[in-house]
Structure formats: structure tokens, C-alpha cells
Amino acid sequence: MSLHATRYPGGVNPDIAPGWQLERLLQPSRLYGANGLRTGADGRLYVAQVSGSQISAIDVDTGLVESISPMGGDIVAPDDLAFDAAGNLFATEITEGRVSMLSPSGQSRVVCGDMPCANPITIYNGRLFAGECRPEGRIMELDLNGAPPRIILENVPMPNAMEVGPDGKLYFPVMGVNEIWRVSLDGGQPEVVATELGVPDAVKFDADGFIVSTQVGSGQVLRINLATGEREVLATIAPGLDNLSFIGKRLFVSSISGQVNEILGGGKLRSVIPDGMQFPLGLAVNEDGNLFIADGGFTYTMTPGGEPQVAGMLFSPGFPGYTRGVAASAPGEYVVTTANGQIARWQPAGQRSDILAEGFDRLYGVALAGDTVFAADAGSGRLLAVRNGEVSTLAQDLKEPMGVAVHDDAVLVAEEKAGRVVKVVGKRVETVLDGLRQPQGILVLGDLLYIVDVGAKSLIELNLSSGAQRTLAQNLPVGAPDGVVPKFLQAIPPLSGPMGPFAGIAAGADGTLYLSGDADGSVIALRPIVS
């Protein structure tokens, strides 16, 4: 398999029309996020990727990445992994609420199909244990022959990646109360073993029997002496850490954002997989010319010529939620749409967000005109307008509306399933351009409309006055790779509503067009050549 086998093949090179030049602001990512980690019998590190809906294996010395369960395969949104002695891989599928097994020959079957928010999983002496990462989560022992699961513990506030300790008890982080608990494998009253942490989301044990735990909130990797309670910070990486695994005595840690690091002595790190974007999704440029990037559970800002800086993530204060569409509003402020069905005004520097409207299905693009917010709700097929807290429907029965833009007195909407862009004036809906495959992000500059057609992997320019049309870029890293039909990712309450890709577009004051390379985790800038 190739180095980028888990993403868009090879890191494509788009074809650009004369008069434009291309710059990759962010290079293609290696993974669609990195969640559960588990060491295989072959000495490779296996990583579950919820956003990419796939499982990959990493050679930690060469960096070679191989797809084990590909996007579009039987395993959907895997979050955590475990192996049995026969080499069977067990995966929790968090959006599907189930646990599945993948044999060494590649055959899969569902082991348990009734586990909402299935997340943590481990195997001990041939026994399979799994849990639900939700406010009233259960921890269960699963029967491999299809018998009903045995409940070990109920009403656990968001348990996550777990392991059986040297004492034969099951240890697990409890994210909802910021603690680590343990319980007998036979059930009974749980015990609290550590408190006041940095929001622990994984517990494993090192060769000396000490707890090693990642902290999603603080970004620390902690080593905890069970006998004394003494804590040691092995490394501080960044908020968003997810899981860990040992290869011998070597310790590796994953992050939701996609990086995998080896923890060395003295707090030092070795990068195995560099950090990257999971998609990205919506884009916006603010009054200072800084680029804002929505990447689901993470958001970033980039100054011209700089590196992306985290503006907020799922576990940071005031974060509005899994962010998809974005529009720059007042200085230091953005209006965003979230997978939780909310339209919010967000101030990253002040760690504050205010809900403007909520209760929607699947929100995507957003645009502003004065004090009115326009948003596309793909789930209900509506174009929405929000003003002073009042919500109105400008158009309905649209076929998967995605991108939104404003031109004069009209609102333009990309209908992905209809393959067209329409304009809405009053209650009239008129076709602006059809014959497209899957239009998503759209942008208006003067009389020019730009459309990201993910089905054709193209960027199209349309003159709204003359009707002249041309293709500015082809072979873009957007949408799914050819031949792949991604599975729809359901909600992960309370962390996210239904997830889905969205190739956004934005523009700078100099006419530069910024595109989301959601297929390979890159951001592309198309700059007009000035003679």
C-alpha cells in the first residue's frame, strides 16, 4: 500500500486554468483523525478513525500506513480496538451503536448491535468488555456467540478507553466527572482511583503496573502510581489527545486531530504521524486577512504565511460544537453552523458562543447580509433566514442544500442532490446553473459565482451577468475517492450530531480563493496571476 493509502490516493495535483497559480497552505494529512490505538501481533500500531470511517496500521519506524478496513467498508466510524489471541480485531462503531469483529482474512460480523455510543473496548483472558461513552453509559461483557451481554456497571457518565489492571479489575476514565474508576469484572460498586485530572479519555498500564492516561482537555499524558497516588507528567502535547498503546516499553499516543507521537524520556516527543486536518470543512477570511478553518471538532486560524493555530475544539471552553459552516462577522467574531443543529455567534478569543437559533437537522453553509444570517439545512431541505432571534424559511423542498451566498437581493444555494445552484428572491426559486454533479461550497465576488463541484472534483466560475462559464481547477482533492461510497455517519450525542463532509470556499481581499481539500486534509489557495 502507498504512504497515503488511507486518504486520497497519492496526494493529487490539481489542473489549474491559465492566469491562476496554486499554493497548498496545508499539505495533505496522513490520517482522518486518530482515535483508538492498539498494538497488533505484527508489531504495528492499529488506529481507529471515526471521521474517516476506517482502520489503518502504522509501521512506527518507517511511517508506512496501510488501510486495514477502508472507507466505505463494513466497519463504520470505528472508535476503539482490541485483538484476541487468534488475531481477530474487535472494533466499537460509535455512530452505529455496535461492536463488530474483523477476522484476519477480512471477514466481518456484528458481535453486539445494541450499544449506543459504543466506544471503549478491551479483551482480558479471552473475555470481551465494551462500554458506551454517553452520560448514562453502560459497561458490559459481550458474548461472542450472540448471547445477551452481561451488564457490569450502569449510569456511568461517559466512560472511555479502558484496560484490566494488574489486580484483575477493570479501570476506565469517566470523562463526565473527570475521574478514573475501577470495578470488579463481576460488577458491584465502582471505586474512584484518581480525581481532578485533565479530562481523562484513556487508561492503559505500563510494564511496572502504573496507570498511563491521556487527558483530552489538558493535552497531558499522565503516569499514576496506584499505591501512592503520585503523578508524573510524561508529556504535554495539545488538547485533543485520545488514546495510547505500548509496543514493548515504547509508548505511543494518538490525537483526535490526526497526529500520532512516540513519548520519549524527559517530556520529548517523536512524531510518527504529523498533525493535520480531518477534512477540513467551511472556510472564512476575517477583516485582518486571516483564514478561519472549520474542521469539525477542531477550528483553526491562519495568518498569511503562518501555521494553523487552534482557535477551539470540542473540549475547550465556549466552543459552539462540531463546526461545519462559517462566516466572518464582527472583528474577532464568527457565525457558525454546527452538527448539533445550531447556528451560533462565536468569539474564540473570549471563549464565548451565543446560540442564534437551534433545533435544525443537518446545517451546512452560512452567509451574512447585514444583521440577517442565511443557512442551509440539508436534512430538511430548507434555506433559513435568522434575524433578531426570529427564524423564517425562505425556500423548502430543496434537494440537499449545502453552500449559501448572497448576491444583490438574492440568496444563492447549492443543491447537492439536484446538481444545481438556485437563487431565491422572495418566494421564487430560479435555476442559476444546472448540470453539476455535487455542488457544495459556493462564493460570490462581484458578479462572479464560484462553485466547488465535489462530484466533478472541479472549481467552476460563472459570470452572473453574462452567463459565461469556465472551469478554473480540476482534479481537486474534494469528495470521496473514485469508487468509494462513504457510509453516512450518524450522531454521537452529546458530542456531535450527524457528521458529513463539506468542501468550503472563501476569498481574500486580493482575490485569492481558498478551497477545502476535504479528501486529503489540505487547504488550497488559488491566486490570480497579476501581470
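The legends below describe close-up views of a predicted model.

Residues are numbered from 1 along each chain as its sequence is written, and side-chain values use heavy atoms, with hydrogens and water left out. In this predicted model, local features need pLDDT of at least 70 and side-chain atom pairs count only at pLDDT 80 or more, while totals for chains, interfaces and linings use all residues.

**View 1. Salt bridge between Arg134 and Glu132.** A salt bridge is a side-chain nitrogen of Lys or Arg within 4 Å of a carboxyl oxygen of Asp or Glu. The count under this rule is 26 salt bridges. In the pair shown, the closest N and O atoms of Arg134 and Glu132 are 2.9 Å apart. Relative accessible area (1.4 Å probe, protein chains only) sorts residues into buried, under 20%, exposed, over 50%, and partly exposed, in between. Arg134 is partly exposed, at 22%, whereas Glu132 is buried, at 0%.

**View 2. Salt bridge between Asp167 and Arg182.** The closest N and O atoms of this pair are 3.3 Å apart. Helices (H or I, at least four residues) and strands (E, at least two) are DSSP runs, numbered from the N terminus. Asp167 is partly exposed, with 40% relative accessibility.

**View 3. Salt bridge between Arg270 and Glu262, and its network.** The N to O distance between the two side chains is 2.9 Å. Arg270 is partly exposed, with a relative accessible area of 27%, and Glu262 is buried, with 7%. Shared partners join the salt bridges of Asp61, Arg250, Glu262 and Arg270 into one network.

**View 4. Open sheet of four strands.** The strand order is E39-E40-E41-E42, and the pairing is antiparallel. Two strands pair if DSSP finds at least two bridges between them. Strand E39 (401-407) and strand E42 (428-433) form the edges, each pairing on one side only. On average, neighbouring strands of the sheet are turned by 30 degrees against each other, direction ignored. The axes behind this angle are lines fitted to C-alpha atoms, for helices over the stretch in contact, and angles run from 0 to 180 degrees between N-to-C directions. Within the sheet, strand E40 (residues 410-415) and strand E41 (residues 420-425) run antiparallel and are joined by five bridges. Leu412 stands opposite Lys423 in E41.

**View 5. The largest nonpolar core.** A nonpolar core is a set of buried Ala, Val, Leu, Ile, Met, Phe, Trp, Tyr and Cys residues joined through side-chain atoms within 4.5 Å. The largest has 19 residues, and those with the most contacts inside it are Leu26, Leu283, Leu291, Ile293 and Tyr514. Two or more residues come from each of strand E27 (283-285), strand E28 (291-295), strand E29 (298-302) and strand E49 (522-528). E29 gives the most, with three residues. Leaving aside neighbours within four places in sequence, Leu283 is in contact (heavy atoms within 4.5 Å) with residues including Leu291, Ile293, Val326, Ile505 and Tyr514.

**View 6. Aromatic pairs Tyr46 with Phe83 and Phe292 with Trp346.** Rings of Phe, Tyr and Trp (its six-membered ring) pair if their centres lie within 6.5 Å; planes under 30 degrees apart count as stacked, over 60 as edge-to-face and the rest as tilted. Nine aromatic pairs are counted under this rule. The ring centres of Tyr46 and Phe83 are 5.0 Å apart and the planes stand at 75 degrees, so this pair is edge-to-face. Tyr46 lies in strand E4 (residues 45-49) and Phe83 in strand E7 (residues 78-83), 37 residues apart. Tyr46 is buried, at 9% relative accessible area, and Phe83 is partly exposed, at 21%. Phe292 and Trp346 also form an edge-to-face pair, with 6.0 Å centre to centre and 80 degrees between the planes. Phe292 belongs to strand E28 and Trp346 to strand E33 (residues 342-347), 54 residues apart. Both Phe292 and Trp346 are buried. Ring pairs link Phe292, Phe319, Tyr334 and Trp346 into a cluster.
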